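These are my notebook entries on one structure. I set down what I looked up, entry by entry.

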Amino acid sequence: MDKSEVLKFPDPRLRRIAEKVSEVTPEIRARAEHMFEIMKDDKGIGLAAPQIGWNVRLFVMNVTGEAEDNLALINPVIANKDGRCTMEEGCLSLPGIYAKVVRPEKIVIEGTTLDGEEVAVEAEGLNARCILHEYDHLDGILFIDKVAPAKKRTLKKKLKKLEEIYKEQKRSVAAK
Ligand code: NI
């Protein structure tokens, strides 16, 4: 039984365009803090609000596991991108699926922290990779959308399996 609170592909809620947060309230802060817990429990390095069915433009991440590296960004905007690099990605919403994706190497992202502070974050390497991946979730984009077609064909069976699991879980919920 899957106890994770993270929505799994092909849940249609992962495909929505998330809405802007108009004000950073204590409720939003508390929910974002909870997202860090979910992310840790599921052994992820990033989690976007739409992945828990919360349709707002917010994500949390931590690529080192050290508490001081927690980053939560609200209403993020990619202000600059530079270079290109290929890295293997995975996603808590696509368990067991890993594939190489080409993305910018360095970025600047602007957004609001949980304290309501406007920040601009420069990132490269794994940090940039994680930010871009999470940012995509806010627009309903999954990393498999960016995988080269030849590789995507090799993932077909695994994706089909996830679709079957999803249908099965929907049926069992409907039967209750
Ligand atoms: Ni993801």
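This is a predicted model: local features need pLDDT of at least 70, side-chain atom pairs count only at pLDDT 80 or more; totals for chains, interfaces and linings use all residues.

**Entry 1: the metal site.** I looked up the protein donors of the nickel ion and found SG of C91, NE2 of H133 and NE2 of H137. These donor atoms lie 2.1 to 2.2 Å from the nickel ion. In sequence, I read the spacing of the donor residues as C-x41-H-x3-H.

I then asked how far apart H133 and H137 are along their helix. Both belong to helix α2, which covers residues 125–138, and because they are four residues apart there, about one helical turn separates them.

Next I checked accessibility: are the two histidines H133 and H137 buried or exposed? H133 has 7% relative accessibility and therefore counts as buried. H137 is buried as well, with a relative accessible area of 1%.

**Entry 2: a loop residue.** I located I52 in the loop that joins β1 (46–48) to β2 (58–61). Its relative accessible area is 15%, so I recorded I52 as buried.

Which residues does I52 touch, leaving aside those up to four places away in sequence? I listed E5, L7, M35, I38 and L47. I also looked up the pair I52 and L14: they stand 38 residues apart in sequence, while their C-alpha atoms are 8.8 Å apart in space.

**Entry 3: the fold.** I counted three helices and seven strands in the protein. Read from the N terminus, the order of the elements is α-β-β-β-β-β-β-β-α-α.

**Entry 4: overall dimensions.** I compared the radius of gyration with the value for a compact globule. For 176 residues that value would be near 16 Å, and the protein has 16 Å, so the two agree. The C-alpha trace spans about 45 × 40 × 30 Å along its principal axes.

**Entry 5: surface and charge.** I found that 44% of the 176 residues count as buried. The accessible surface comes to about 10,200 Å², and carbon and sulfur atoms contribute 50% of it.

Lastly, I looked up the charges: the protein has 30 positive and 30 negative ones, and their mean positions are 12 Å apart.

Technical notes
Residues are numbered from 1 along each chain as its sequence is written. Side-chain values use heavy atoms; hydrogens and water are left out. Helices (H or I, at least four residues) and strands (E, at least two) are DSSP runs, numbered from the N terminus. The radius of gyration is taken over C-alpha atoms; the globule rule is 2.2 Å times the number of residues to the power 0.38. Buried means under 20% relative accessible area, exposed over 50%, partly exposed in between (1.4 Å probe, protein chains only). Accessible areas come from the Shrake-Rupley method with a 1.4 Å probe; for residues, only the protein chains shown count as cover. Lys and Arg count as positive and Asp and Glu as negative; His and the chain ends are not counted. The place of a charge is taken as NZ of Lys, CZ of Arg, CG of Asp or CD of Glu. Donors are N, O and S atoms within 2.8 Å of the metal (3.2 Å for Na, K and Ca); water is not among the atoms, so sites may look incomplete. Contact means heavy atoms within 4.5 Å.
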